[in-house]
Amino acid sequence: FDPMDGSLPVTLGRVGQGAFVRLPVNLAGADHERASWDMRITADLAVARGIQFDFYCEDSRSIASFALYFRSGDGWFRTGFSPEKDGQWQRIVIDKSTTGTEGTPAGWGTIDTIRISAWRGGDKDTVCAIANVGPVGADADILVVRADSCASAGNRESKGYSQYAETVTACLGDAGLDHALLSDLDVTSERLAGRKLAILPYNPRLPEGLLSLLEEFVGGGGRVITCYSLADGIPELIGVKRGTWASAGEGGHYQGFARTAQGLAGQPALAGQRSWCSQPAEPIPGTSRAVAVWRGSDGVDTTIPAVVVSDRGGHVGHVWLKDDWGNKKALLLSLVGGIVPGVWETAAGAEFAGIGRFGGYADFQALHQDLATQTGQGREELNRAVRLRAKSKSLMADGEWVDSITASQDAATAALRAWCLTRKSEPGEFRAFWCHSAFGVAGKTWDEAIRQLADCGFTAILPNMLWGGTAYYESDVLPVHKRVAEEGDQIDACLAACRKYGVECHVWKVNWNMSGHASDETVAVMRKANRVQVNNTGEVQERWLCPSHPANRDLEVAAMVEVARKYAVDGIHFDYIRYPGRSNCFCAGCRERFEARIGASVANWPGDCARGGPNESAWLDFRRSNIDVVVKTVAKQAKEVRRDVDISAAVFRNWPVDRDGVGQDWKLWCDKRWLDFVCPMDYTESNTTFTNQVRAQVGYAGKVPLYPGIGLSCWRNPLDVVKLVEQIEITRQLKTGGFTIFQYGSRMEPVLPLVSLGTTARR
């Protein structure tokens, strides 16, 4: 182990016959942002599902997060992890599908370094330890092949290669099916040998030689399922024809995969998925068949093939998304069940074992014992779970695997409802959802969406109504999106519903970032005027406005104050009120304005402003000042327009690091009372990490109310109502007075009724 960044050397410890490595985390009074160590190894993790190790942390309160990096070639695979208990050893399992990339890693087969980092969250030393590092899940019949060869720093699709691979592996894992993740850079004949199925979740291009390997695999009896992309040679390989790319229409979505008369055993009648487009495969008569077509947004089935299968595999017409998780899992099982022996029996056993296994309960017996004293509706649900569980067990004994799975799922739902009914509501707290779409929840009017929130006990919504170069309302400041002419002023529509049902409306603006919302014409105008960002390599990032440009700052202020002036909203909400990272912005205008600020020229641009450079401190101050002035000015001018309008912000969670990393000094904004409340984006699935983050943030916010952001939509399971309830209860233990959930969309349909049984009940 080699320490880095000012970290201390490790020491070796022993407990009985076992050895461990002690990691001294020195954060008190230190200048570094993290304590890190590089473990030099030679490892082939190509066909493993991931790695596992035992980990100990004495006190995690001063640690914002733990990160793990795997070096391969000229790049790294990276991910995070979180121990759930302090002061005790626990097993950590890292799934490769959760990792992203930095640089250009050569693949999982050539790992030469594992870096472990504890990122600063406070100013206190602690001790961690690690032991028993090794691979997990290397012998699975199912391989998920991730398109690492397609990923690069400049490719906007790179995140999707990891994201959709992770969704497929999560679905397989939730179904109880063993699987491994294999980089497309690591595929060999030997690594495919003996496997039954290879799934390509989003692989638009195949690296040289992979098609031949897949052909050999299929020739030997293996099967290949592809999602969305049909790279050259793949249609012929799996026995289909490439169809014509199809769009659900602007602003529209398909409803999901509708079963055809040629459907598969165990396939649901409809597996919901709000896909916006499709790359269909057309079946070849006698070789392949369509087992599902897309159901249109109008509820009518189209003729567009959504899932096509053959005796060599199959094709799914879009990437695998997280919505309608239960039916999507059933659809995946139906696809895999005819290929991999024993799938249905394995899945039935996993579903049965999972009944009541949540929230710290080891099994159904533990949950039943804890809830045995319930009365009323809770008791009825618990008894129902008992009956359905017995039914599932009987069906398994008869080999009725599909029906057993259904009974287990119904039993699990009843057990979950029984638990939800035991949770307590907290009157008077701020309960909000961010809503990323200016048009609200797909399939609902604003009236219907807000009524649902109110019925489920929520008190506020933060709808995303404006971006760096776009407004979804009648703006005199920003270009108005063309859908407003067709569908109306969305602030008006949302605000009317909020007033009707007593829900607060805090309009959310994405600052600086034009993303895909601004028109190409708007972006071109900004680029021509030199108002867009340039990173430290000279790359123009044309959809990010430069925060140091006076006209851009004026635009941000004017747009937000306009909302307060024209609409009786309860508040205006900052987001992306920061830089993308430390690599931005180094445009010519930034150089000119920075040199004017310090009264000297910068000889080595941008090197002198980089980490460790002579101008680093002044440069970081300059970046923060460009952001601070917008927050300060909006707060001042908006309050002059309407004294009762609230100013709030969605912020990064680790203020001590992020004030330098992205120029977001939100503690200052709270100290100066420019904000009326603040919402750190604490999007972690670890309750321990969430607790530590919120505890620290309460101190940073001071007298300003803090409503932590809970990242439900970002979790591997976006329907995890148990973890949602647990994190809401953590905010109550820490007395924040409220919380904010990301994000309100159609996926929340099954979650809201459950959380409102107790946690947010209106009583």
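Student: Within what distance do the axes of helix α5 and helix α6 come, and at roughly what angle do they cross?

Tutor: Bear in mind that this is a predicted model. Helix α5 covers residues 325–337, and helix α6 covers residues 343–353. Their axes come within 9 Å and cross at roughly 150°. An angle over 145 degrees counts as roughly antiparallel. That makes α5 roughly antiparallel to α6. From α5, the contact takes Lys 329, Leu 333, Ser 334, Val 336 and Gly 337. From α6, it takes Val 343, Trp 344, Ala 347 and Glu 351. Sorted by class, the contact has five nonpolar, two polar and two charged residues.

Now take α7 and α8. Helix α7 spans residues 364–371, and helix α8 spans residues 376–397. The axes of α7 and α8 come within 11 Å and cross at roughly 155°. These two helices are therefore roughly antiparallel to each other. The crossing of α7 past α8 is left-handed. On the α7 side, the residues in contact are Phe 364, Gln 365, Leu 367, His 368 and Leu 371. They meet Arg 379, Leu 382, Ala 385, Val 386 and Arg 389 in α8. The class count for α7 with α8 is six nonpolar, two polar and two charged residues.

Next, helix α3, residues 210–219. Its buried residues are Leu 210, Leu 213, Leu 214, Phe 217 and Val 218. Viewed down the axis of α3, they fall within an arc of 135°, so they line one face of the helix. What do they pack against? The partners of these buried α3 residues are α2 (189–192), β13 (197–200), β14 (223–227) and α4 (234–238). So much for the packing; the chain then leaves the helix. Gly 221 follows α3 and has a positive phi, near 105°.

Ser 229 sits in the loop between β14 and α4. Its relative accessibility is 11%, so Ser 229 counts as buried, the cut-off being under 20%. Setting aside residues up to four places away in sequence, Ser 229 touches Tyr 202, Asn 203, Pro 204 and His 315.

Turn to another loop, the one between β3 (18–25) and β4 (34–43). His 32 is placed there. At 12% relative accessibility, His 32 counts as buried. With residues up to four places away in sequence left out, His 32 touches Asp 5, Gly 6, Ser 7, Asn 26, Leu 27 and Arg 120.

Strand β4 itself holds Arg 40. Arg 40 has 45% relative accessibility and so counts as partly exposed. Its contacts are Asp 2, Arg 71, Asp 112 and Thr 113, again not counting residues up to four places away in sequence. Arg 40 and Arg 242 are 202 residues apart in sequence and 46 Å apart, C-alpha to C-alpha.

Last, the backbone. Most residues other than glycine have a negative phi, and most peptide bonds are trans. Several places here depart from that.

Start with the peptide bonds. The bond joining Asn 584 and Cys 585 is cis, with omega about -10°. Cys 585 belongs to the loop between β29 (571–575) and α15 (588–598). From Trp 605 to Pro 606 the peptide bond is also cis, with omega near 5°. Pro 606 lies in the loop between α15 and α16 (616–641).

Then phi. Ser 515 is a residue other than glycine with a positive phi, near 50°. It is found in the loop between β26 (504–510) and α13 (520–528). Ser 515 is partly exposed, at a relative accessible area of 23%. Lys 735 likewise has a positive phi, near 60°. Its loop runs between α20 (721–733) and β33 (738–742). Is Lys 735 buried or exposed? At 73% relative accessibility, Lys 735 counts as exposed.

How values were computed: Residues are numbered from 1 along each chain as its sequence is written. This is a predicted model: local features need pLDDT of at least 70, side-chain atom pairs count only at pLDDT 80 or more; totals for chains, interfaces and linings use all residues. Side-chain values use heavy atoms; hydrogens and water are left out. Axes are lines fitted to C-alpha atoms, for helices over the stretch in contact, and angles run from 0 to 180 degrees between N-to-C directions. Helices (H or I, at least four residues) and strands (E, at least two) are DSSP runs, numbered from the N terminus. Angles under 35 degrees count as roughly parallel, over 145 as roughly antiparallel, 65 to 115 as roughly perpendicular and the rest as oblique. A crossing is left-handed if the near helix is turned anticlockwise from the far one by less than a right angle, and right-handed if clockwise. Contact means heavy atoms within 4.5 Å. Ala, Val, Leu, Ile, Met, Phe, Trp, Tyr, Cys and Pro count as nonpolar, Asp, Glu, Lys and Arg as charged, and the others, Gly among them, as polar. Buried means under 20% relative accessible area, exposed over 50%, partly exposed in between (1.4 Å probe, protein chains only). The arc is that of the directions from the helix axis to the C-beta atoms.
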